[in-house]
Amino acid sequence: MARMKFLCDAERCIECNGCATACKQEHDVPWGVNRRRVVTLNDGVPGEKSISVACMHCSDAPCMAVCPVDCFYRTDEGVVLHDKDLCIGCGYCFYACPFGAPQFPQAGAFGLRGKMDKCTFCAGGPEKDNSPEEFAKYGRNRLAEGKLPACAEMCSTKALLGGDGDVISNIYRDRVTKRGKGSEVWGWGTAYGPPTGGKAPAQAPAPAAAPAAGAKS
Amino acid sequence: MKRGFTLLLLAGVFALPLSGCGEGAQVIVYKQGKYQGKPDTKPWDNDQFKGNQVAWETAIKTRNQSQNEYTRAE
């Protein structure tokens, strides 16, 4: 089995927030914590595009790299999870994450940050599968029930695909071939691109500026 | 019998003040770059799949394919 991945088709997302609602309902996510949300670009302008954003379970996850207590781990299925018993709520992962996935519930007065909470790909955490402890800390473990994330399975337009990376990319490729447009997958390169070893990703050199019309040589 | 009990009591009395000496470290020692939390089980190691990885993968593949409405409609 390949790695578990998310893919959001901006051509199909209708900003219904069904994914965010499904996530909230499935995991009993507390008020103020949004494991998944829908972002709309050029809102109100004709041709606006929406995408559903959550933890992408990156191949080279920056949150894992910056965590000072090393509470993150990656399962064999490629799901990035963390141990809430170890998390100190420092917020480093939030600064490192390119998707703004880590969330921090308020744990007391004066805006005190609680332990980090994020999308688990509906895979629970390091507790006994489907136990009350696992649900309380991480939410429901659908993966252990042989199911895919609730957000992807609930998506009415199937804009959000979740599951085995090979399968969902094949579904998307088939879709793009049939409709003939919209092959760009936002966030896919950031999350699953080749590891850069901490360096900035290589960029193509900027094209040389064309000489201005009428400029004297 | 009584002597044995007294000896046991005395041993206990002498051992009590030393019981604090065997206390383990109270602070977690972090190893740089390695996961420090509790171990997690595989998604198929539970009552439903009973360790059958193939059954779990089949269930996931079926769910995965149901996301493709092009094939569902055919």
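## Basis of the model

Because the model is predicted, local features need pLDDT of at least 70 and side-chain atom pairs count only at pLDDT 80 or more, whereas totals for chains, interfaces and linings use all residues. Residues are numbered from 1 along each chain as its sequence is written, while chains are lettered from A and ligands numbered from 1 in the order in which they are written.

## Confidence in chain A

The average pLDDT (the predictor's confidence in each residue, from 0 to 100) of chain A is 89, and 89% of the residues score at least 70. Over residues 210–217 of chain A, however, the pLDDT is below 50, and this stretch has zero contacts in the model beyond near neighbours in sequence; two residues are in contact if their C-beta atoms, placed from the backbone, lie within 7 Å.

## Fold of chain A

Chain A contains seven helices and six strands, which are DSSP runs numbered from the N terminus (helices: H or I, at least four residues; strands: E, at least two). Along the sequence they follow the pattern β-α-β-β-α-β-β-α-α-α-β-α-α.

Of the contacts in chain A with a separation of 6 or more, 56% are accounted for by residues 24 or more positions apart. Buried residues (20 or more other C-beta atoms within 10 Å of their own, with C-beta atoms placed from the backbone) make up 39% of the 217 residues in chain A.

## Interface with chain B

In the interface, 25 residues of chain B are in contact with 32 residues of chain A.

Key
Buried ≥ 20, exposed ≤ 12 C-beta atoms within 10 Å, placed from the backbone.
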